[in-house]
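Dear colleague,

Please find below the sequence and structure that I am handing over to you. My findings follow directly after them.

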Amino acid sequence: MATTDTLRMADARGLGDERASASPSRQAFQILRFGFTVAPIVAGLDKFFHALVNWDQYLPAVVNNMVGGHGHAFMNVVGVIEIVAGIGVAVKPRIFSYVVAAWLVGIIVNLLLIPGYYDVALRDLGLALAALALGRLSAEHAKR
């Protein structure tokens, strides 16, 4: 198993590409980057089509009231933000992984306002932690 120092020395000798792409941390970075690119884009697009789920059910009444009863339009705006976040992770994971993590924390707070969605909030906590892990891995593996 190659260490970070071994990979840096191999890269200095021109051997880094092959070894670095085989490192477990590089592979974890690539997996998480792919997931946090695709999932927000798909979820964001689905806010307009409701092919996966009726996303409006995840909007608490208090939030719907805050946006003047325009919850569906609000969810469309949420969809656009998610699409942008997914594209951002693809392009600048060192920044947008933290944006996605913060977004997921907001979703968790939103879900805790709706009785019966605590399991989804727990799942999103796991996703937020994975987004934070992507941010940390990006410090080493994302191109600057």
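From the N terminus on, the elements of the protein chain run α-α-α-α-α-α-α. In other words, the chain holds 7 helices and 0 strands. Please bear in mind throughout that this is a predicted model. Of the 144 residues in the protein chain, buried residues make up 35%.

The largest pocket

Which helices supply the lining of the largest pocket with at least two residues each? They are H3, helix H5 (71–91), H6 and H7. Of the contributors, H6 gives the most, with 7 residues. Sorted by class, the lining has 19 nonpolar, 3 polar and 4 charged residues.

Salt bridges

Side chains of opposite charge can pair when their charged atoms come close. In this model the count of salt bridges comes to 2.

One of them joins Glu82 and Lys47, whose closest N and O atoms are 2.7 Å apart. This pair links distant parts of the chain, with Glu82 in helix H5 and Lys47 in helix H3, 35 residues apart. Both Glu82 and Lys47 are buried.

Asp124 forms a salt bridge with Arg123, and here the closest N and O atoms are 2.9 Å apart. Are these two partners buried or partly exposed? Asp124 has a relative accessible area of 5%, under the 20% limit, and is therefore buried. Arg123, at 49% relative accessibility, counts as partly exposed.

Aromatic residues

The count of aromatic pairs comes to 2. The rings of Trp55 and Tyr58 have centres 5.8 Å apart and planes at 50°, so this pair is tilted. Trp55 and Tyr58 are both buried.

The rings of Tyr58 and Tyr117 have centres 5.2 Å apart and planes at 70°; because an angle over 60 degrees counts as edge-to-face, the pair is placed in that class. This pair links distant parts of the chain, 59 residues apart. Tyr58 lies in the loop between helix H3 (24–49) and helix H4 (61–66), whereas Tyr117 lies in the loop between helix H6 (93–112) and helix H7 (118–141). Tyr117 has a relative accessibility of 18% and so counts as buried.

Through these ring pairs, Trp55, Tyr58 and Tyr117 are linked into a cluster. A further contact involves Lys47, whose charged end sits over the ring of Trp55, 3.6 Å from the ring centre.

Individual residues

A point of backbone geometry deserves mention. Most residues other than glycine have a negative phi, and most peptide bonds are trans. His50 is found in the loop between H3 and H4, and its relative accessible area of 26% makes it partly exposed.

Two positions in helix H7 complete this account. Gly126 is found in helix H7 and, at 36% relative accessibility, counts as partly exposed. The C-alpha atoms of Gly126 and Leu104 are separated by 9.5 Å, the two residues being 22 residues apart along the chain.

Glu140 also has its place in helix H7. With a relative accessible area of 41%, Glu140 is partly exposed. Glu140 and Arg94 are 46 residues apart in sequence, and their C-alpha atoms are 9.3 Å apart in space.

With kind regards

Conventions
Residues numbered from 1 in each chain as written. Predicted model: local features only at pLDDT ≥ 70, side-chain atom pairs only at ≥ 80, totals over all residues. Heavy atoms only, no water. Phe/Tyr/Trp six-rings, centres within 6.5 Å; stacked < 30°, edge-to-face > 60°. Buried < 20%, exposed > 50% of the residue type's maximum accessible area, 1.4 Å probe, protein only. Helix = DSSP H or I, 4+ residues; strand = E, 2+ residues; numbered from the N terminus. Lys NZ or Arg CZ within 6 Å of the ring centre and 35° of its normal. Nonpolar A, V, L, I, M, F, W, Y, C, P; charged D, E, K, R; others polar. Salt bridge = Lys/Arg side-chain N within 4 Å of Asp/Glu carboxyl O.
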